[in-house]
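This report walks through selected features of one protein model. Keep the sequence and the 3D view open while reading.

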Amino acid sequence: MTALLLSGCFSSSADEPDGAAPTASGERISVAMLQPPRSGLTPFSDDAFKLSRWSTAETLVVLDEAGDAQPALATAWEQVDPRTWRFEVRQGVTFHDGTPLTAEHVAAVLTAATKASPKPRILDGVELTAQPDPAAPGEAVLVRTGDADPLVPQRMSSPQLSILAAAAYGPDGTVDPVGHGTGPFELVAVDGTVGATLNRFDGYWGERARVAGIDVDFVPDGTARAAALRTGAADVVEAVPVSQASLLEPEQVFEVPMPRTNTLYLNTERGVFADAGMRAAARGAVQRETIVENVYEGRADVAEGLLGPALPWAAEGRPARSERPAADPAGAEIVLATFTDRAELPEVAVQLEQQLEAAGFRVRQEVREYAQIEADALAGDFDAFILSRATVLDSGDPVAYMYSDFACDGSFNIAQLCDPEIDAALRKASAAGTGDARRAATLEAERLILESDAAIPMLHERVIQGESGDFSGVARDPRERQLITAETTAG
């Protein structure tokens with residue numbers, strides 16, 4: 001059985017003497033965010049990530065840099081049997097409305113999540129039930145799954161499984177987070193799609209927040225967000241466009257590696273790239289550095305694999321791989337497709353067309369909006385497809401992405417790949433327990449996928465975060481779960 005205990009996860013800040021209480025201030029921090037709420041800030045939707053980035057709603061566990069689960073509203077957990085996990089609920093936690101956190105309420109919230117429509121992404125394909133532990137009333141929750149699932153603790157880290165007070169959950173299924181979280185900041189007002197206001201919550205169970213509050217503006221226009229930083233209207237800005245980054249002071253620009261890879265998928269089932277040698281020729285033609293410099297202005301990382309620097313363990317443990325010999329393209333004609341919804345992808349297609357033609361292919365492009373091209377891509381109608389793909393889903397684990405894209409029965413198998421050896425490696429990775437064993441199995445599956453040349457990773461994207469410099473301790477989180485925390489402070 002595995003048990004994780006709270007030790008060292010909530011240490012004092014480096015600029016405080018050991019054991020000293022953090023200094024609170026009357027300063028408020030202003031934030032310009034990319035997208036307004038789409039679903040009324042219900043935690044069962046993607047809006048949950050806003051609640052998490054504002055440190056107002058919390059989950060049973062959080063993930064560390066490596067993707068391992070660490071305590072939050074749960075202090076410890078253990079696997080009771082292959083399908084049952086027991087979580088000890090933190091005692092002495094008070095919701096912003098004054099009601100206490102109990103195991104019974106945690107079980108009720110998790111049950112509500114399973115019945116939400118649509119269901120939180122983290123529970124897709126998962127049969128999950130939750131109930132208070134009858135052996136420890138009020139203290140622990142039993143979470144059961146239909147199949148053995150080593151990722152249950154990581155699933156509990158998803159902001160879409162945040163625990164809000166009972167009063168937040170309406171009888172019609174709506175969820176109102178205002179005044180109902182447990183975090184160091186209380187959400188006190190939401191102005192539709194305009195902004196939100198949060199105040200420091202002095203009854204927080206952990207370290208008291210150092211700033212007095214957060215003032216949020218939703219600013220979808222990237223130029224306007226960057227201007228807000230330049231003019232002092234915002235202290236922190238999400239997702240500064242590459243075109244605007246050069247207009248800011250260099251010390252205000254922070255590039256955060258994202259778990260997102262720009263990949264060229266090759267059709268392994270039919271057409272030119274059904275031949276492994278032709279896939280190897282395409283791999284050899286791709287000049288990653290040129291694409292990074294010309295399209296991303298150097299603000300991306302050249303890909304060495306499917307998994308990038310947002311997962312530091314991938315580069316550290318990646319095994320050596322062999323490369324198939326390339327065939328001669330000899331003027332073979334291919335259809336290279338992508339979509340317009342991400343503005344940089346058509347530019348990537350232009351670069352790739354030039355590179356592939358220089359290697360001897362003849363290239364015809366097909367570019368449409370994503371909604372009009374996805375079905376054809378999944379049906380294998382193109383020889384090659386450029387996709388910007390999230391490689392780590394809500395559990396913080398990349399195996400689900402790899403299975404979806406590269407298993408014989410994967411639901412997003414654009415490469416039409418079906419290799420028994422790869423399937424076996426993916427099954428082994430899926431079944432492995434968390435930690436080093438699972439990471440090693442994941443990288444072995446990655447090796448086999450890359451050796452097939454079914455997918456040619458080109459670059460790993462970064463998000464550009466703008467900061468005025470008037471505040472320190474702003475989180476720069478590849479998973480975009482944290483932004484303003486209890487440790488964020490003026491000066």
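Which residues of α11 are buried? They are Val-399, Tyr-401, Met-402, Ser-404, Asp-405 and Phe-406. The model is a predicted one. Six of the eight residues of α11 are buried, so the helix is largely enclosed by the rest of the structure. Its buried residues pack against β12 (253-266), β16 (384-390), α12, α13 and β17 (455-467).

The model has one disulfide. It joins Cys-408 and Cys-418, with the sulfur atoms 2.1 Å apart. The link of Cys-408 and Cys-418 is right-handed, with 95 degrees about the S-S bond. Both cysteines lie in the loop between α11 (399-406) and α12 (420-431), so the pair ties together parts that are ten residues apart in sequence.

How accessible is Cys-408? Its relative accessibility is 32%, and it counts as partly exposed. Cys-418 has a relative accessible area of 53%. That is over the 50% cut-off, so Cys-418 is exposed.

**Two helix pairs**

Next come two helix pairs. Packed helices are described by the angle and the distance between their axes. The table sets out both pairs.

α12 passes α13 in a left-handed crossing. On the α12 side, the contact is made by Glu-421, Ile-422, Ala-425, Leu-426, Ala-429, Ser-430 and Ala-431. On the α13 side, Arg-438, Ala-441, Thr-442, Ala-445, Leu-448, Ile-449 and Ser-452 take part.

The crossing of α7 and α9 is right-handed. From α7, the residues Thr-290, Ile-291, Asn-294, Val-295 and Tyr-296 take part. They meet Glu-344, Leu-345, Glu-347, Val-348, Gln-351, Leu-352 and Gln-355 in α9.

Leu-450 sits in helix α13. It is buried, at 6% relative accessibility. Which residues does Leu-450 contact, leaving aside its neighbours within four places in sequence? They are Glu-304, Gly-305, Leu-306, Arg-321, Ala-455 and Pro-457. Arg-321 is 129 residues from Leu-450 along the chain, and their C-alpha atoms are separated by 8.0 Å.

Thr-489 belongs to strand β19 (residues 489-490). At 12% relative accessibility, Thr-489 is buried too. Leaving aside neighbours within four places in sequence, Thr-489 touches Arg-210, Val-211, Asp-470, Phe-471 and Ser-472.

Now turn to the strands. Strands of a sheet pair through backbone hydrogen bonds. Here, four strands form an open sheet in the order β4-β5-β7-β6, with antiparallel pairing. β4 (74-81) and β6 (128-132) stand at the edges, each with a single partner strand, so one side of each has no neighbour in the sheet. Neighbouring strands of this sheet are turned by 20 degrees against each other on average, direction ignored.

How many bridges join β5 to β7? Five bridges join strand β5 (residues 84-89) to strand β7 (residues 140-145). Arg-86 stands opposite Leu-142 in β7. Helix α2 (residues 103-115) packs on the sheet and touches β5, β6 and β7. The direction of α2 makes about 160 degrees with that of β6.

**The β8-β9 hairpin**

Strand β8 (residues 185-191) and strand β9 (residues 195-200) run antiparallel, joined by six bridges. Asp-191 has Gly-195 in β9 as its bridge partner. The hairpin of β8 and β9 has three residues between the strands. In this hairpin, Gly-192 takes a positive phi near 50 degrees.

Key. Residues are numbered from 1 along each chain as its sequence is written. This is a predicted model: local features need pLDDT of at least 70, side-chain atom pairs count only at pLDDT 80 or more; totals for chains, interfaces and linings use all residues. Side-chain values use heavy atoms; hydrogens and water are left out. Two strands pair if DSSP finds at least two bridges between them. Helices (H or I, at least four residues) and strands (E, at least two) are DSSP runs, numbered from the N terminus. Axes are lines fitted to C-alpha atoms, for helices over the stretch in contact, and angles run from 0 to 180 degrees between N-to-C directions. Contact means heavy atoms within 4.5 Å. A disulfide is a pair of cysteine sulfur atoms within 2.5 Å. Buried means under 20% relative accessible area, exposed over 50%, partly exposed in between (1.4 Å probe, protein chains only). A crossing is left-handed if the near helix is turned anticlockwise from the far one by less than a right angle, and right-handed if clockwise.
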